[in-house]
Amino acid sequence: MLHEQFMTWLAAPPGEPFAYLEGNISCTIIRVAKNADFDYLYYQRNHQSHSIQRGEDFQYVGIHCKADKQIYDADYSIRMLGDEQTLLRLGADRLQNRANEEICRAVQALVGNDRSKLKVQELTNERLKHDHALYEQYRAHADAREAFLADAGDEAFAYRCTTQLPNWTEESFLAYVLDPQDFVARAAADYAANHQERILYQFMCNSAKAKEYIAICGNPRHPAHSVKRIMQAVLDSPAKTVRVTIRKNGKELTVKADAHEFRRDCTSSYSTWRIAAADRREYERLFGYVDYKPQDIVRIEYGRAVLYEAEDVT
């Protein structure tokens, strides 16, 4: 009932303040016209009276858009007057996140994952050249490995815009609220036109990652192949612990280990701390205080089932 009264008041021509009770406290909301499209809402809690208090502050609590009759950027103080989920969804922070996602998708649509659409085909920005060199040297292989283990496919090498909209100004926020599609289209066109080298940099990084990915796929001896088979085998099992047979330097040992260790990318080696304590002591006696690598694993078993068995790669 209170919500309907409040919305009726908003729809009516400006006039008296809107007064209501919040428990035993009298509250008052006034609206101040921003322009033909928006009214600002201000709120006062009247602890000692049932009317507006002279000398007491009004606090900003939201923006009313006359076009769609919604309240944006609502403060918690007035959430009882409307649908709380709607008011939360139309909060400034959530709208900024939504605008960022929409702009990124719009930029990707403009670029179309097609490097030939760019007006520049080489980097001149020294910072971007430096960052690209670092990416090739230190990060491309790790990203390619992650894509390989995840069976990511072509999407892992597609251009993805990651721009972040600057914090809302009053002008930008109201422009987005009034016409989100126009705001996003203009912001995307502006980014695509003025960040050509940044977009090219991402294409070049994707090319470096793709080169490393192809190298991993073409090398059956690469440890990532063993890791991928181990991960897939153990992910499909409900096991909490498994039996792992390890072979190093011509010696072989079967130990109990935490199954979770094999459901993730070990990067380079598996930690002995996930091996049962008694088995770990035997492991250390036989192999020393060193971790074991994916290629050291001969077999992984759970109950009577063999989850993983090393392939003979020639």
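Me: What does lysine 248 form a salt bridge with?
Reply: Its partner is aspartate 296, and the closest N and O atoms are 3.3 Å apart. A salt bridge here is a side-chain nitrogen of Lys or Arg within 4 Å of a carboxyl oxygen of Asp or Glu. This is a predicted model, in which local features need pLDDT of at least 70, side-chain atom pairs count only at pLDDT 80 or more, and totals for chains, interfaces and linings use all residues. Residues are numbered from 1 along each chain as its sequence is written, and side-chain values use heavy atoms, with hydrogens and water left out.

Me: Where do lysine 248 and aspartate 296 lie?
Reply: Lysine 248 is in strand 6, while aspartate 296 is in the loop between helix 9 and strand 8, so the pair ties together parts that are 48 residues apart in sequence. Helices (H or I, at least four residues) and strands (E, at least two) are DSSP runs, numbered from the N terminus.

Me: Is lysine 248 buried or exposed?
Reply: Lysine 248 is buried, at a relative accessible area of 14%. Aspartate 296 is buried as well, at 12%. Buried means under 20% relative accessible area, exposed means over 50%, and partly exposed is in between (1.4 Å probe, protein chains only).

Me: How many salt bridges does the structure hold?
Reply: There are 20 salt bridges. One of them joins arginine 160 to glutamate 155, with the closest N and O atoms 2.2 Å apart. Arginine 160 is partly exposed at 36%, and glutamate 155 is exposed at 53%.

Me: Which residues are linked in a network?
Reply: Asp258, Glu261, Arg264 and Arg274 are linked by salt bridges. Within that group, arginine 264 meets glutamate 261 at 3.1 Å, N to O. Glutamate 261 is buried at 2%, whereas arginine 264 is partly exposed at 31%.

Me: What about glutamate 197, which has no salt bridge?
Reply: Glutamate 197 is buried, and the nearest side chain of opposite charge, lysine 129, is 7.8 Å away. For charge, Lys and Arg count as positive and Asp and Glu as negative, while His and the chain ends are not counted. Glutamate 197 sits in helix 7, residues 196–217.

Me: Which residues is glutamate 197 in contact with?
Reply: Leaving aside neighbours within four places in sequence, its contacts are Val120, Glu122, Leu123, Thr124, Asn125 and Leu128. Contact means heavy atoms within 4.5 Å.

Me: Back to strand 6. Which strand do four bridges join it to?
Reply: Strand 6 (residues 241–248) is joined to strand 8 (residues 297–302), and the two run antiparallel. Two strands pair if DSSP finds at least two bridges between them. In this pairing, valine 244 stands opposite isoleucine 300.

Me: What order do the strands of that open sheet have?
Reply: The order of the four strands is 7-6-8-9, with antiparallel pairing. At the edges are strand 7 (251–258) and strand 9 (305–309), each pairing on one side only. From one strand to the next, the twist averages 20°.

Me: Which strands does helix 8 touch?
Reply: Helix 8 (residues 223–235) packs on the sheet and touches strand 8 and strand 9, with its direction at about 160° to that of strand 9. Helix 9 (residues 277–287) lies across strand 6 and strand 7, at about 150° to strand 7. Axes are lines fitted to C-alpha atoms, for helices over the stretch in contact, and angles run from 0 to 180 degrees between N-to-C directions.

Me: New topic. What is the order in the sheet of five strands?
Reply: That open sheet runs 1-2-3-4-5, with antiparallel pairing. Strand 1 (18–22) and strand 5 (70–72) stand at the edges with a single partner strand each, so one side of each has no neighbour in the sheet.

Me: How many residues are between strand 1 and strand 2 in their hairpin?
Reply: Two, and glycine 23 in the turn has a positive phi of about 70°. The hairpin of strand 2 and strand 3 has four residues between them.

Me: Last one. How many disulfides are there?
Reply: The count is zero, where a disulfide is a pair of cysteine sulfur atoms within 2.5 Å. For cysteine 205, the closest cysteine sulfur is in cysteine 161, 14 Å away, which is too far for a bond.
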